[in-house]
Amino acid sequence: MPRYKAPLEDFRFLYNEFLDLSACAGMTSMEEATPDIFEAVLTEGARISEERLQPLNAIGDEIGCKFNEADGSVTMPDGFVDAYKDYAGAGWTGLTADPEYGGQGLPVFLGLAMSEMINAANASFAAYPGLTLGAYEVLHRYGTEEQKKRYLPKMVSGQWGGTMNLTEPQCGTDLGLIRTRAEPRDDGSYVVTGTKIWISAGEHDMVENNIHLVLARTPGAPAGTRGISLFLVPKFLVDENGNPGERNGVKCTGLEKKMGIKSSATCEMQYTAAKGYLVGEENRGLAAMFTMMNAARLVTGIQGLGMASAAYQAAVDFARERLQGRSLAGARYPDKPADPIIVHPDVRRMLLESKAFVEGARALGLYTGVQLELELRHPDEQVRQRAGYWVALMTPIIKAYFTDMGSEVANLSMQVHGGAGYVRDTGVEQFVRDVRITQIYEGTNGIQALDLVGRKLVGNSGENLKAFFEPVQAFVAEHAENDALACYIKPLEDAAGLLQETTATVYSKMSSDPEEAGAASVDYLRMFALTAMAYMWARQAVVAHGQLEKGRGRAAFYQSKLDTARFFMTRMLPDTLSLGERVRAGAGPVMTPSDEEF
Amino acid sequence: MKILVTLKRVVDYNVRVRVKSDGSGVETDGVKMSINPFDEIALEEALRIKERGDAEEVVVASIGAADVQQQLRTGLAMGADRALHVETESAPQPLTAARILLKLVEREEPGIVFLGKQAIDDDCNQTGQMLAALWDRPQATFASKVELSDGKASVTREVDAGLETIQVDLPAVLTSDLRLNEPRFVKLPEIMKAKRKPLDIIALDELGIEDAVDHQISDFQPPPKRAGGKILESAGELVDELKNKGLL
């Protein structure tokens, strides 16, 4: 079984040396967020992830959630209820939540580190607090004072869970097709009726009440997405003392059998004249739900990263221990019966591609987390707006690239393990199965690419793009004269230049033909992701180089940053060249073949 | 009653310890450091005693450079009420540590001083016993169960022959064994609160203690690599083999 060790040294490097937190100075969320708190949160977060959650990962996969037909209840695998009690009891569900409702109010970029650790340790488990947090965010932003007081404190404490109910049998990506109805009653509440499917955490025995956020149509609402409203439907109606009372008309009617994340309950939910409460304005439900979707998309990216990080660790451990054959350059460990496979060039390639992704993505995730914190909580409107441009641009990129690579790295880990990875004992194949869904849910990666070219590129009249290119250009200019850094700066400069050219190509073609944008979108997103990663690796290299020159800290750690940056720039970033070619090929080769040719 | 718990900062038990290349010590740079696990168990027990209503205050103490404050903060986050940091750049040996602790005992007048039975770095297993002797109070070491009543502690000890239960009058020195309890997970709100709990820094000379070095450490070496084993055909061969090696 893989033994996950949280990458605390890398987190410390990123928080204490890499991230520029000066823009956050003076924010209320930063008052408590001093380096010693980071340290304590990371250390304790690592501990509960490693000792409490990770040991349940294989058990959860083996047993899975159990649906009890008689009463529509769902039983979690052994140990999950207690682990959740420890997790919520220790206050982790309220890490970033508003202190007014019992949260700790710590910055979201600290929450992202926690999210990475729990997803690396046990992705199925992580889904539950993740969904509650999403529902919390929607209610916190769109709920009435009364709703917030009633529901948020127990969601923050983890006593109650939260879910999001969008999908129906006939509508997934296209939410305009929603049929669930909500009819107003005299007392201001609504009667909600309909079927929702693929509802993660829809029913389980770790919480005493579940707060469902449900998209539905009111009578006479306009057709399509402009006629959708958002409703809060508690599993148990909450009495005047704030306690769960009468059972509401919502029931789980079945669980999906899935390839992975087997202890994440994927429920079919039946709403039969359930009592619901409008959240936000009527017919504005989709906008409210998108608040949740955007945050969820970032976190989905972090799920991919977390599982990649755990799979990479397993691969390194195996490559060091597995003795087989000799190095091509002659025995490297002559005292052993054979060399460990880590000496072989192709094994190293696989490990380095994994490492370069994991550490680069961790940096990009946290860097974006800082921008998100600024967007959500900075007092200055202009700062919020500028930070929001970066977040808007990076959200589809992080979602798609991190999860595609999460899958890739899990598969590389299996490849390093060879046959040992394909059998179940090593736990590596579970990563391959568990991570796969991240490319699909929260909007498939194809949809993310369309979001990037269709909305983000053109949105905010080009400000989104400026939020990326301007800092990159300034950074390149700042370090252009330093020869020692040229091997990191020059590739970034070239990639950013190519990305700008390609952006112009995509932009000009799509105004005449939207299919051009569609055909280019996935390659373009990957190209953007690689360039953003190059920016993160160049920044890490500059910090590491500076620390080495000053003789500070652990030389081996900084040297490894420089070596990995070099690997990324020379072995991974050049993919942008072929991606550029593919984009330039245009929609023709994709769209010309008739449907019958397939 | 007040309970004083000692916390030593050690290399985390999960870390594979490496000897520094110059043999001057073990590598701690960039290595995860934690509260000595036995000390953590001692603190957990002290907190449970307090939660049962048998103690009013739990004070944690550590001796060392500024970075031991990290472990003290963790102790505060677990639930200790305040912390004492005796500041010194050197790593005191057990006897010096016991002398320092005696000074803290004189200041604080605790009913119980709770230590880990040993620290996992040097495995000395001496400080508690030495402190009891210097303080001239009873000791109950290797505790796997502790019950308090009428100013006495009834302590079940893990000894070579099995378990033995003894009674000691308080104040006394107790040291914890591994099976005494399972320490709690630190709660996030407690981490935040720990920042505001008092942590007093005490200079060594303020206690009138000279940082006496009672042992001179000349060299650290990793354990020698194990030579390969040998499979013998019969008991007779084994006897011959042992005789040849002069072991029999």
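1. Among contacts in chain B between residues at least 6 apart in sequence, what percentage join residues at least 24 apart? The figure is 71%. As with everything below, this comes from a predicted model.

2. The chain has 248 residues, of which 46% are buried. Its secondary structure consists of 11 strands and 6 helices. Along the principal axes, the C-alpha atoms of chain B fill a box of roughly 65 × 45 × 40 Å.

3. Aromatic pairs. Over all chains, a search of the whole structure gives 24 of them. Take Phe357(A) and Tyr401(A): this pair is edge-to-face, because the ring planes stand at 75° and an angle over 60 degrees puts a pair in that class. The ring centres are 5.7 Å apart, inside the 6.5 Å limit for pairing. The two residues are 44 apart in the chain, with Phe357(A) in helix H10 (residues 345–377) and Tyr401(A) in helix H11 (residues 381–417), so the pair links distant parts of chain A.

4. Are the two partners of that pair buried or exposed? Phe357(A) has 0% relative accessibility and counts as buried. Tyr401(A), at 1%, is buried as well; the threshold for this label is under 20%.

5. Aromatic cluster. Eight residues of chain A are listed as one cluster: Tyr367(A), Trp390(A), Phe468(A), Phe469(A), Phe475(A), Tyr524(A), Phe528(A) and Tyr535(A). One of them, Tyr524(A), comes up again in point 7 as part of a helix contact.

6. Charges over rings. Which ring lies under the charged end of Arg247(A)? That ring belongs to Phe236(A), and the charged end is 5.5 Å from its centre. A second case has the charged end of Arg362(A) over the ring of Phe11(A), with 5.3 Å to the ring centre.

7. Helix packing. In chain A, helix H17 (residues 514–550) packs against helix H19 (residues 575–585) at an angle of about 155°, and the axes are 9 Å apart. Angles over 145 count as roughly antiparallel, so H17(A) and H19(A) fall in that class. Their crossing is left-handed. H17(A) contributes Ala520(A), Asp523(A), Tyr524(A), Arg526(A), Met527(A), Leu530(A) and Thr531(A) to the contact. From H19(A) come Asp575(A), Thr576(A), Leu579(A), Gly580(A), Arg582(A) and Val583(A).

Methods
Residues numbered from 1 in each chain as written. Chains lettered and ligands numbered in written order. Predicted model: local features only at pLDDT ≥ 70, side-chain atom pairs only at ≥ 80, totals over all residues. Heavy atoms only, no water. Phe/Tyr/Trp six-rings, centres within 6.5 Å; stacked < 30°, edge-to-face > 60°. Helix = DSSP H or I, 4+ residues; strand = E, 2+ residues; numbered from the N terminus. Buried < 20%, exposed > 50% of the residue type's maximum accessible area, 1.4 Å probe, protein only. Lys NZ or Arg CZ within 6 Å of the ring centre and 35° of its normal. Axes fitted to C-alpha atoms, helices over the stretch in contact; angles between N-to-C directions. Parallel < 35°, antiparallel > 145°, perpendicular 65-115°, else oblique. Left-handed = near helix turned anticlockwise from the far one by under 90°. Contact = heavy atoms within 4.5 Å.
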